[in-house]
Number of protein chains: 2
Amino acid sequence: MREDINITEVARKAGVSIATVSRVFNNNGPVKESTRKKIEQVIKETGYRPNILARELAEKKTHLIGVITHSILGEGLPNSIKGITHVIEEKGYNLLIGNTDGQIEKEQKHFEIFQSKRVEGVLFMTRHFTQEHRDVIEALPFPVVVLLQPTEDEKISYVAFDEYRFAQEATRYLLDKGHEDFVFIGGPETSANSLRREQGFKNALTSAGYSLDKERIIHEDYSIEAGYEATKRLVKEGVPFTAMIIANDGMAIGAINALQDSGYSIPRDVSIIGLDDTALAKASRPSLTAIHYSYQDLGKEGANLLLDKIESGNVDFSYKVLPYELKKRGSTEERY
Amino acid sequence: MREDINITEVARKAGVSIATVSRVFNNNGPVKESTRKKIEQVIKETGYRPNILARELAEKKTHLIGVITHSILGEGLPNSIKGITHVIEEKGYNLLIGNTDGQIEKEQKHFEIFQSKRVEGVLFMTRHFTQEHRDVIEALPFPVVVLLQPTEDEKISYVAFDEYRFAQEATRYLLDKGHEDFVFIGGPETSANSLRREQGFKNALTSAGYSLDKERIIHEDYSIEAGYEATKRLVKEGVPFTAMIIANDGMAIGAINALQDSGYSIPRDVSIIGLDDTALAKASRPSLTAIHYSYQDLGKEGANLLLDKIESGNVDFSYKVLPYELKKRGSTEERY
DNA sequence: TAACGGAAGGAGAACGTTTTCATAGGGAGT
DNA sequence: ACTCCCTATGAAAACGTTCTCCTTCCGTTA
């Protein structure tokens with residue numbers, strides 16, 4: 001480990017002024033070849049790297065993008081981050097991550113930290129987008145793009161999936177196969193994402209003329225275990241059903257295992273669709289029919305939208321809804 | 001979106017000097033109650049946040065920790081990051097992430113960027129730790145802790161798992177159950193981690209008096225599909241085996257599926273251990289016997305070690321080897 | 001030979017903080 | 001009334017850059 005060295009030191013060693021060193025490093029302004037060589041020599045010897053803090057202070061640009069997220073676990077965020085970094089690193093931006101672990105207080109805290117750090121924009125993920133969020137974001141001196149939550153007004157820009165529609169489509173797929181007795185397992189009731197899926201599911205059923213008991217809508221915490229236990233409970237209570245729509249594929253795997261452990265055969269006795277398609281879906285036996293969408297694209301599109309706003313200075317409302325696809329696999333078949 | 005505001009502006013509005021504003025914000029030095037109130041009022045009205053760049057430049061402290069990683073996918077990194085942020089946010093540090101996607105050139109680039117950004121320390125993950133890494137790291141003006149790779153000298157500090165030992169232990173576990181015909185599926189040959197596991201495996205066999213054909217050591221890319229295909233190939237070639245040690249649980253799931261699709265029963269015909277225990281392992285049927293270790297602890301311990309060095313200024317060599325546990329599940333049994 | 005112009009490079013302001021030092025005011029002790 | 005000290009505040013340097021002006025030097029042109 002050696003010491004930091006600054007531009008003054010380099011200038012002194014090379015016998016020039018700091019202005020000339022700056023010119024060499026940034027390759028702007030005229031410098032005689034011989035002095036350039038001498039300065040480059042000193043830079044190499046000393047391992048000098050300009051202090052970006054000072055540069056950014058002078059330039060009033062930090063090239064920093066913040067991400068605020070409620071959860072860094074699961075496949076979603078890592079893939080989003082991959083998409084984000086892919087886009088921003090190309091343009092010389094860096095990524096700062098703020099994890100809220102789902103606590104609302106921490107969101108505010110991270111916005112403040114990011115404001116202090118002079119990030120140039122933020123990608124924001126939360127479980128539930130509220131009026132309060134809107135107010136906070138509008139008072140911020142940098143643009144914000146919300147990921148995963150349609151903000152439902154024409155103010156805060158967002159990139160999201162059409163969860164209502166794909167839940168509807170998944171349900172219709174099984175309706176078309178002759179199923180009539182459905183169960184829906186969603187995420188926590190505080191999750192706006194899960195709620196939209198639930199509503200898409202309900203709409204598909206009611207518009208096909210079916211009514212729906214309350215007992216057939218279950219809320220769990222997205223874990224494999226919760227999916228397992230909830231399904232075991234259904235079986236034990238003797239609720240009759242031949243189709244399940246499950247908000248994520250973890251709980252869907254839990255459901256498959258629970259049914260198999262109870263002597264049922266998938267898909268002969270029960271068809272199951274997961275509204276989420278991670279590595280688990282393909283690995284399970286039977287493999288899971290699932291709605292596929294790309295978190296990497298989510299990150300990519302979110303970052304593109306944000307950089308647009310940053311670089312153009314135009315923060316007008318804009319949004320993007322990303323595509324999805326129903327992957328038909330082994331967990332669904334005709335109802336006999 | 002409103003404009004940034006600075007300390008001078010706040011001071012002007014409150015009719016005081018910037019020194020007094022600074023004193024109020026940092027709560028150091030004496031300030032009369034009435035002026036404090038007035039300044040706080042202005043701060044609230046304007047939404048003033050100090051420019052941390054300027055502060056850090058003045059203080060020569062950035063409170064920034066960098067993470068350089070070769071892969072942001074999978075369960076490992078997110079869990080590590082969770083562990084890291086847990087530790088560092090408590091002490092007021094922030095996290096900067098550099099993703100190399102496994103490209104060596106990018107490692108150097110990220111070290112340079114981080115040096116420019118004046119991070120105070122870096123947690124470094126790479127597939128293979130070399131002499132060149134050593135040289136680069138020793139020339140850096142901040143401490144570095146390597147994660148997952150024992151650096152095998154007394155110079156660069158690290159936190160890692162004892163992969164040699166747990167691979168050995170997993171193998172012995174099956175030897176003790178009477179198995180004699182083993183197959184090992186490892187990661188890519190460039191992965192030092194996989195190599196250590198392979199050596200632990202080999203050592204267990206040879207020290208039990210067994211020899212080992214080359215054909216029974218296979219290198220794949222850690223994916224479920226690769227595990228599946230490799231196992232199908234073994235079956236097709238008629239290689240006789242009753243035990244598999246597999247470097248990660250994704251490939252192990254692939255192997256289970258391949259064997260089941262070929263008419264074998266697990267664990268009756270073949271016992272399988274995964275040297276890695278993610279959500280997949282518990283979800284599979286049969287569930288996978290696996291070596292469990294915590295990436296979250298890896299991040300936590302790495303961050304602790306690094307912060308120690310940063311705050312004490314003592315960068316002497318130190319290391320930590322984290323515990324693991326063999327989780328006995330459904331994919332292993334006695335050999336008949 | 002005088003005037004001009006372009007290349008090379010230096011001096012110094014600016015960026016927004018923290019911090020050190022200086023100073024004014026006022027109450028207490030003599 | 002004089003000194004002393006403590007509280008409250010301001011002025012200005014320092015952090016390490018970028019960038020805008022200047023100045024100097026030298027070759028070209030009339």
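Visitor: How many residues surround DNA strand D, and which are the closest?

Guide: There are 29 residues around DNA strand D, and the closest are A:Ile7, A:Ser22, B:Ser17, B:Thr20 and B:Lys32. Of the atoms of DNA strand D that come within 4 Å of the protein, 70% belong to sugar and phosphate. A residue counts as near a strand or molecule if one of its heavy atoms lies within 4 Å of it. Keep in mind that this is a predicted model: local features need pLDDT of at least 70 and side-chain atom pairs count only at pLDDT 80 or more, while totals for chains, interfaces and linings use all residues. Residues are numbered from 1 along each chain as its sequence is written, chains are lettered from A and ligands numbered from 1 in the order in which they are written, and side-chain values use heavy atoms, with hydrogens and water left out.

Visitor: Which residues of helix H2 of chain B are buried?

Guide: First, two terms. Helices (H or I, at least four residues) and strands (E, at least two) are DSSP runs, numbered from the N terminus. Buried means under 20% relative accessible area, exposed over 50%, and partly exposed in between (1.4 Å probe, protein chains only). In H2(B), residues 18–26, the buried residues include B:Thr20, B:Val21 and B:Val24. Down the axis of H2(B), the buried residues fall within an arc of 100 degrees, so they line one face of the helix. The arc is taken from the directions from the helix axis to the C-beta atoms. The general idea is that an α-helix has 3.6 residues a turn, so residues three or four places apart point the same way.

Visitor: What do the buried residues of H2(B) pack against?

Guide: They pack against helix H1 (7–14) and helix H3 (33–46) of chain B, where contact means heavy atoms within 4.5 Å. Just after H2(B) comes B:Asn27, with a positive phi of about 55 degrees.

Visitor: What do the buried residues of H4(B) pack against?

Guide: In H4(B), B:Ile52, B:Leu53 and B:Glu56 are buried. These residues cover an arc of only 105 degrees around the axis, which puts them on the same side of H4(B). The buried residues of H4(B) pack against H4 and helix H6 (104–116) of chain A. At the start of H4(B), a side-chain oxygen of B:Asn51 comes within 2.8 Å of the backbone nitrogen of B:Leu53.

Visitor: How do I read a strand? Which residues of E6(B) point one way, and which the other?

Guide: In a regular strand the side chains alternate between the two faces of the sheet. From E6(B), B:Phe182, B:Phe184 and B:Gly186 point one way, B:Val183 and B:Ile185 point the other way, and all are buried.

Visitor: Which strands does E6(B) pair with?

Guide: Strands pair if DSSP finds at least two bridges between them. E6(B) runs parallel to strand E8 (residues 243–246) of chain B over 4 bridges, with B:Phe184 opposite B:Ile245. E6(B) is also parallel to strand E7 (residues 217–219) of chain B, joined by 3 bridges, and B:Ile185 has B:Ile218 as its bridge partner. From E6(B), the chain crosses through helix H9 (residues 192–207) to E7(B) in a right-handed β-α-β crossover. Right-handed means that, with the strands pointing away from the viewer, the path from the first strand over the helix to the second runs clockwise.

Note on methods: Polar contact = N/O pair within 3.5 Å; in protein donor to acceptor, adjacent residues only side chain to side chain.
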